[in-house]
Amino acid sequence: MSGPVTFTLDGREVEAQEGETIWTVAKRTGTMIPHLCHLDQPGYRPDGNCRACMVEIEGERVLAASCIRRPTEGMVVDTAGDRSRKAREMVFELLAADMPAREASPDDKAQFWTWMDRMGVKQNRRYAEGPHEPAQDQGDQHGHSHASQIPLRDVTHPAMAVNLDACIRCGLCVRACREVQVNDVIGMGERGDHALPIFDFADPMGDSTCVACGECVQACPTGALFEKSLMDEDWRTREVEPDRYVDSVCPYCGVGCQTRVAVKDDRIVQVDGRDGPANENRLCVKGRFGYDYVMSPERLTKPLVRRDDAPKRGDIRVDPLNPWDVFREATWEEAMERAAGGLGSIRDTHGGGALSGFGSAKGSNEEAYLFQKLVRAGFGTNNVDHCTRLCHASSVAALMEGVGSGAVSAPFGAVDDADCVIIIGARPNQNHPVAATYFKQAAKRGTKLIVIDPRGQEMNRFAEYALQFKPGTDVALLNAMLNVIVEEKLYDQQYVQAHVDGFEALAAKVRDFPPEAMEAVCGIDAQTIREVARLYAKSERSIIFWGMGISQHVHGTDNSRCLIALALITGHIGRPGTGLHPLRGQNNVQGASDAGLIPMYFADYKSVENPDVRGMYEDAWGRQLDPQRGLTVVEIMDAVMEGEIRGMYVMGENPAMSDPDQTHAREALAKLDCLVVQDIFLTETAWHADVVLPASAHAEKLGTYTNTNREVQIGRPAIPLPGEARQDLGIIIDLANRLGLDWRYDGPAEVYEEMRALMPSLDNISWSRVEREGAVTYPAKAEDMPGEAIIFTDGFPTKDGRGKLVPADLVPPDELPDAEYPFVLTTGRLLEHWHTGAMTRRAKALDAIEPEAQAMLHPRDLTRLGLAAGDAVTVMTRRGEISMIARADRDVPEGMVFTPFCWVEAPANVLTNPKLDPYGKIPEFKVCAARVERADA
Ligand code: SF4
Ligand code: SF4
Ligand code: FES
């Protein structure tokens with residue numbers, strides 16, 4: 001079919017658009033045809049195998065599967081006639097005959113049974129061989145189906161149960177795994193009516209390479225694959241029926257997946273993906289199975305104050321369930337008076353510069369805005385920062401300098417239009433798993449992927465080029481690529497002339513970086529560097545994604561400058577399929593930065609040192625404001641040690657775990673005269689507090705969040721606050737009023753509107769619009785126009801509208817391996833554990849999948865050290881040592897040790913180097929020198 005066709009559907013003339021099937025036209029025009037193997041959601045192609053959707057077509061001898069059949073001009077289709085209705089009923093009856101009775105099936109509310117109800121079909125034994133015995137657990141021979149050697153029952157996974165006696169072989173789980181999430185774990189084993197889904201080579205699900213995205217569970221129409229959280233204690237039948245559903249967003253990463261949260265008796269029992277712009281119903285393991293931390297018994301439910309006989313110490317450890325030798329419970333009144341009294345008296349005695357505040361990239365935009373307003377207007381200082389300093393501060397510094405904006409120029413979905421994609425210093429499969437599904441899908445369609453990272457990764461399987469270069473030599477590699485593009489004249493001269501300054505200086509600089517000279521430095525041969533540079537430059541549309549492998553270096557800003565230069569000189573920006581996209585870490589790190597939760601900028605990156613801007617804020621807030629930029633996260637810790645900063649207010653951050661050189665950071669926290677911590681758990685930072693304020697978790701509050709794509713979305717409360725815990729927004733307002741401000745806000749919407757009045761980036765994006773539309777991209781030209789996903793289409797938001805190239809020099813990592821510390825230590829995240837682990841370590845399924853601290857080393861290094869996988873090892877640097885279990889990992893190059901920073905029992909930041917990038921002030925988490933030894937050596 002090309003172009004629209006007209007055909008008759010149940011006696012009415014209808015039009016089908018290009019690509020539509022009979023089923024989709026029927027649905028669009030108000031007729032729902034039963035369906036099982038077809039899932040009407042983005043990413044799922046119809047397969048036509050179950051025959052639940054049969055319809056009659058005039059003049060055709062056999063019935064047709066409407067989910068795959070395309071209408072033709074003049075076709076006459078009957079969906080409701082006796083013949084097709086009876087055929088469909090028979091399909092359901094036959095399938096039901098081969099399944100356990102409804103009350104014994106894994107999900108009696110599954111789509112299969114819902115259709116049975118709607119069609120008025122009863123499960124009977126007309127076609128059955130005999131009564132079903134419950135399937136046995138995997139490993140028991142009796143658990144095999146009569147026809148297949150594949151075990152019917154498998155409950156080895158911590159979060160999902162497999163009961164294949166309810167499987168109808170529709171293949172949706174295979175498409176979910178292979179085509180939607182592109183994980184390739186599930187396949188169909190055996191053939192014909194022996195066929196059943198298997199994991200890898202018919203491995204138990206819990207032992208397979210399953211990454212627990214749960215897409216198969218969400219797709220399965222019978223509950224043969226089902227969430228354990230909804231089932232009885234044997235994981236055989238559904239036991240839990242949610243009493244309500246709440247539309248929200250995921251609390252973890254910057255992808256910003258939209259969720260549907262199922263609640264029973266005020267407890268979250270299940271999370272599914274919704275059709276948001278960033279996720280199209282997909283989730284990863286954290287978003288789907290990592291929700292129960294909010295219901296942890298370790299939640300703070302009452303305010304705590306430090307006991308008079310519990311002096312502060314940097315090396316203290318507190319049991320969150322039994323903190324009574326350090327803290328005692330207090331009323332809110334006492335706790336708030338202590339908090340305001342402590343911070344207020346420091347301000348009044350030593351000035352606002354003696355105070356500081358760490359806000360949260362996990363909180364909402366409204367919380368971020370009010371937090372920085374409190375620090376600036378109430379404390380009287382710009383010493384306010386958050387974890388962006390530890391993830392993408394250098395990227396933002398380079399972007400502000402180069403293109404006048406710190407935000408991404410295109411969403412990650414732009415890969416759909418790209419011919420070439422560079423992913424550098426990022427591991428999207430772990431850190432942005434749903435974004436990764438789009439990258440993998442693009443690669444399967446033929447987009448050329450170039451993955452550049454010192455460690456290997458799953459994405460390499462999809463890559464045209466996978467460059468494992470030497471850690472810390474990013475500038476050598478990227479300048480060599482720029483050299484090729486300049487020397488071979490592959491740049492876009494017209495674009496440069498029209499939009500870019502500084503080309504000559506860049507060209508002169510990169511002349512010193514020929515690939516042949518750089519190959520020994522970066523470890524990538526010259527020919528490959530040339531090929532990759534040509535591929536990027538010559539492709540019609542190329543886009544670059546980067547992560548903290550680029551930003552967390554002393555030369556992080558230089559690394560980003562090189563990436564910006566690649567895009568600017570080739571004109572690969574401002575068009576569909578092109579651009580620059582630093583993949584943002586936390587769920588709201590973009591929004592918190594936009595809202596001004598940083599020491600040098602008010603909202604929208606307006607300098608605090610600009611008198612006009614400051615004047616505008618002084619008018620708006622009715623207070624004199626500090627004219628000097630404030631200190632950053634790591635600088636604040638140094639200032640505490642020097643006695644310049646005496647008081648700190650921390651909301652939802654955990655610098656005791658996330659700051660580099662943790663021993664120093666904890667000593668600083670212990671040295672404070674007044675530390676007020678507002679959080680949902682007694683975090684390692686809270687151990688050092690004078691006052692601990694029990695706050696709201698993501699699932700308990702209303703607010704907006706801005707994801708890595710610049711999409712503003714709404715998170716909604718699903719469950720009530722525990723005990724006496726309070727809304728974060730309410731606590732900030734209470735503290736502000738006790739510090740002499742006179743704030744009255746009638747909820748988040750009012751705060752949002754005040755913030756929006758100061759932020760041109762949010763023009764035309766009212767609270768009610770975000771509520772109504774669910775997600776709005778900024779900037780938006782009008783209330784009734786969609787936001788602009790692609791920006792910089794005609795120049796840049798710099799003073800003269802031109803982009804600026806800044807050449808970068810080779811700066812080695814601050815600390816390189818030597819005889820005493822021969823390994824490179826690098827840190828990062830795991831798929832299952834987020835950031836400092838405060839949330840994910842308290843999520844049962846996630847902790848069951850990854851329960852213990854590990855150091856990953858190449859197997860040859862393990863052998864050289866006389867170690868085996870599973871041995872206890874100690875990793876040492878000049879700053880400290882921690883012990884973990886060694887894991888063999890071929891993705892880690894020889895000479896490197898990798899450890900995630902989520903383990904409280906082995907906190908990686910005891911080891912890391914606090915040396916900062918001079919521009920972004922971000923520490924060098926990615927490289928320091930380390931030694932590895934057997935733990936008992
Ligand atoms: S397990 Fe579910 S989704 Fe997979 S083939 Fe069976 S019924 Fe279909
Ligand atoms: S990809 Fe990110 S936002 Fe989406 S479910 Fe996973 S952690 Fe949540
Ligand atoms: S839904 Fe059409 S054949 Fe299965």
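Reader: What makes up the contacts in the protein between residues at least 6 apart in sequence?
Author: Of these contacts, 71% join residues at least 24 apart; a contact means heavy atoms within 4.5 Å. The model is predicted: local features need pLDDT of at least 70, side-chain atom pairs count only at pLDDT 80 or more, and totals for chains, interfaces and linings use all residues. Residues are numbered from 1 along each chain as its sequence is written, chains are lettered from A and ligands numbered from 1 in the order in which they are written, and side-chain values use heavy atoms, leaving out hydrogens and water.

Reader: How many helices and strands are there in the protein?
Author: The protein has 29 helices and 40 strands; these are DSSP runs, H or I over at least four residues for helices and E over at least two for strands.

Reader: How much of the protein is buried?
Author: Of the 937 residues, 64% are buried, meaning under 20% relative accessible area with a 1.4 Å probe and protein chains only.

Reader: What makes the barrel?
Author: Six strands close in the order β33-β37-β34-β36-β35-β40, with mixed pairing. The twist from one strand to the next averages 45°.

Reader: How do you know that β33 and β40 pair?
Author: Pairing needs at least two DSSP bridges, and residues 823-828 of β33 share three with residues 928-934 of β40, in the antiparallel sense. Phe823 stands opposite Ala930 in β40.

Technical notes:
Axes fitted to C-alpha atoms, helices over the stretch in contact; angles between N-to-C directions. Buried < 20%, exposed > 50% of the residue type's maximum accessible area, 1.4 Å probe, protein only.
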